[in-house]
Amino acid sequence: MKGQVILELKKQPWLLHLFWLIMLVAVMGTLGVGWENHLQRHGVGYPETGFKTDWDKATTAGEAAWNMRYLEHDIKADTKAAAKLPAVQQGDNKAQALMETMLADYQKRDYRHLNQAILKAAQEDPQAVKSIEELNYLSPNTDELIALMRYMVKHLPNRLIQVDAMTSVTGNFAAIFGLQNYFSASNGKDAEVLTALLLIMGLTLFCYVYFQDRRLTTDTMMRTAPVSGMKQALIRGGVTLGLINLILLIAVVSTLLAMSLLPGHEFGTWLQPLVYTLNSHVGTTSLAQALGQEWLMINLWWLVFAGLAFCLSLVSRNLLVGMLVLAVVAFANRLQLLGLIDPALRTYVPSAHTVFPNLILHSGSYGEVAFGTVVVTFVAWILALFICGGLIQMARQRLRFAAAR
């Protein structure tokens, strides 16, 4: 076993690994630093200024200043509008009272009290909370806002999601993977780019390592090894999977380091919450868990590629054919090929699960699809593909024995 692992390491396409390492570090680092330094998320224009936008710096202090200035403006506007009403109509403006409390807590940096005040108001007077624009950025859904603020009060009472989500290193890092559901963040394209890059990296590397022996006609020699063909295939896949995970880890660490070097940003916390609704149930999850689920999904996809490349390499020597088939499987959704499958069955096809943020946050068509169901689906396909490859190996071996007689 140890000798086979060493052999598979020696046979790895190291130049291709190096290419993907450079590519992933460059793309992920560029997206991370670019998203963290994207100024146009931090401005606001008011009607009385002709909506001339006043931008704040893309820093922790800049985001806090943006929120305070927004609150100050709305408080003044509400006071001015209330003054024009008859005294009997003025009454108690709960929304304004909450904004004044929020502004005072911002100025004192008393985020514990601020989170508690928002939670209490959302539970007692949802309509007042809905009228506060700064809180609508978090979620226009009252149940989601309550779940989010309940999480903050319980787990992160001294932090402020309004600032962390936009300016912390952890928040911005998760955003490039599509894992940010506040402030209508326009990071979907970044997530699509990274997902496509990771899928293409996996399919090229797994195709290369599984087709290598038959392309170089060294498959006959490999059959003389004291390890069965199935074990060789599993070791080959395991070694390749470990190496591409190492590439991903290096890219992640490099990106976080680059983002941490930008001045004016706190690192944040991996416990920062994300909110979702699954089967009408509102829940929260942490960035750490969401990123772990995304990492699991890409590894499941890589294992699907390994199983499929294993099967294809037993019936073809053409590497390009193998890559083409894997690419069609990976991007069938983009190619509009899923329309050929009955809608009730699409959940059970890996090709339907390439939009990881939607899957993890249960948005769009995933509002009733549990994450565990998708994981079980992928595991079933992976096992089926490797079993199919084993059966093809057995059939080929019997044919060789028959021909030798």
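A polar contact is taken here as a pair of N or O atoms within 3.5 Å, where within protein one atom must be able to donate a hydrogen and the other to accept it, and residues adjacent in sequence count only if both atoms are side-chain atoms. The structure is a predicted model, in which local features need pLDDT of at least 70 and side-chain atom pairs count only at pLDDT 80 or more, whereas totals for chains, interfaces and linings use all residues. Residues are numbered from 1 along each chain as its sequence is written, and side-chain values use heavy atoms, with hydrogens and water left out.

The protein chain contains 18 helices and 4 strands; helices (H or I, at least four residues) and strands (E, at least two) are DSSP runs, numbered from the N terminus. Of the 405 residues in the protein chain, 48% are buried. Buried denotes under 20% relative accessible area, exposed over 50%, and partly exposed the range in between, with a 1.4 Å probe and protein chains only. Among contacts (heavy atoms within 4.5 Å) between residues at least 6 apart in sequence, 72% join residues at least 24 apart.

An unreviewed UniProt entry lists residues 14–35, 191–212, 233–262, 295–312, 319–341 and 369–392 under "transmembrane region". UniProt positions are given in the numbering used here, feature names are shortened, and annotations may be inferred rather than shown by experiment. In the model, residues 233–262 are 97% helix and 0% strand, with 44 Å between the end C-alpha atoms. Residues 369–392 are 92% helix and 0% strand, and their end C-alpha atoms are 34 Å apart.

Helix α16 (residues 319–330) comprises 12 residues and reaches 16 Å from its first C-alpha to its last, close to the 16 Å expected at 1.5 Å a residue. The expected span of a helix is 1.5 Å times one less than its number of residues. The N-terminal end of α16 is capped by Asn318, a side-chain oxygen of which lies 3.0 Å from the backbone nitrogen of Leu320. Leu319, Gly322, Met323, Leu326 and Ala330 are the buried residues in α16. Viewed down the axis of α16, these buried residues fall within an arc of 95° and so line one face of the helix; the arc is that of the directions from the helix axis to the C-beta atoms. An α-helix has 3.6 residues a turn, so residues three or four places apart point the same way. Leu320 and Leu324, on the other side of α16, are exposed.

Helix α5 (residues 94–108) has 15 residues and a first-to-last C-alpha reach of 21 Å, close to the 21 Å expected at 1.5 Å a residue. Its buried residues include Ala95, Gln96, Leu98 and Met99, as well as Met102, Leu103, Asp105 and Tyr106. Just after α5, Arg109 adopts a positive phi of about 60°.

A search of the whole structure finds 9 aromatic pairs. Rings of Phe, Tyr and Trp (its six-membered ring) pair if their centres lie within 6.5 Å; planes under 30 degrees apart count as stacked, over 60 as edge-to-face and the rest as tilted. The ring centres of Phe173 and Trp270 are 6.1 Å apart and the planes stand at 85°, so this pair is edge-to-face. The pair links distant parts of the chain, with Phe173 in helix α11 (residues 169–175) and Trp270, 97 residues apart, in the loop between α14 (229–261) and β3 (273–278). Phe173 is buried at a relative accessible area of 3%, whereas Trp270 is partly exposed at 29%. Phe267 and Trp270 also form an edge-to-face pair, because their ring centres lie 6.0 Å apart and their planes are at 80°. Phe267 is partly exposed, with a relative accessible area of 37%. Ring pairs join Phe173, Phe177, Phe267 and Trp270 into a cluster.

Buried positions also occur in loops. Pro13, in the loop between α1 (2–11) and α2 (14–36), has a relative accessibility of 8% and counts as buried. Its C-alpha atom is separated by 7.4 Å from that of Val209, 196 residues apart along the chain. Leaving aside neighbours within four places in sequence, Pro13 is in contact with Leu205, Tyr208 and Val209. Ser139, in the loop between α8 (133–136) and α9 (142–155), is buried at 5% relative accessibility. The side chain of Ser139 reaches the backbone nitrogen of Asn141 at 3.2 Å. Not counting residues up to four places away in sequence, Ser139 touches Glu144 and Leu145.
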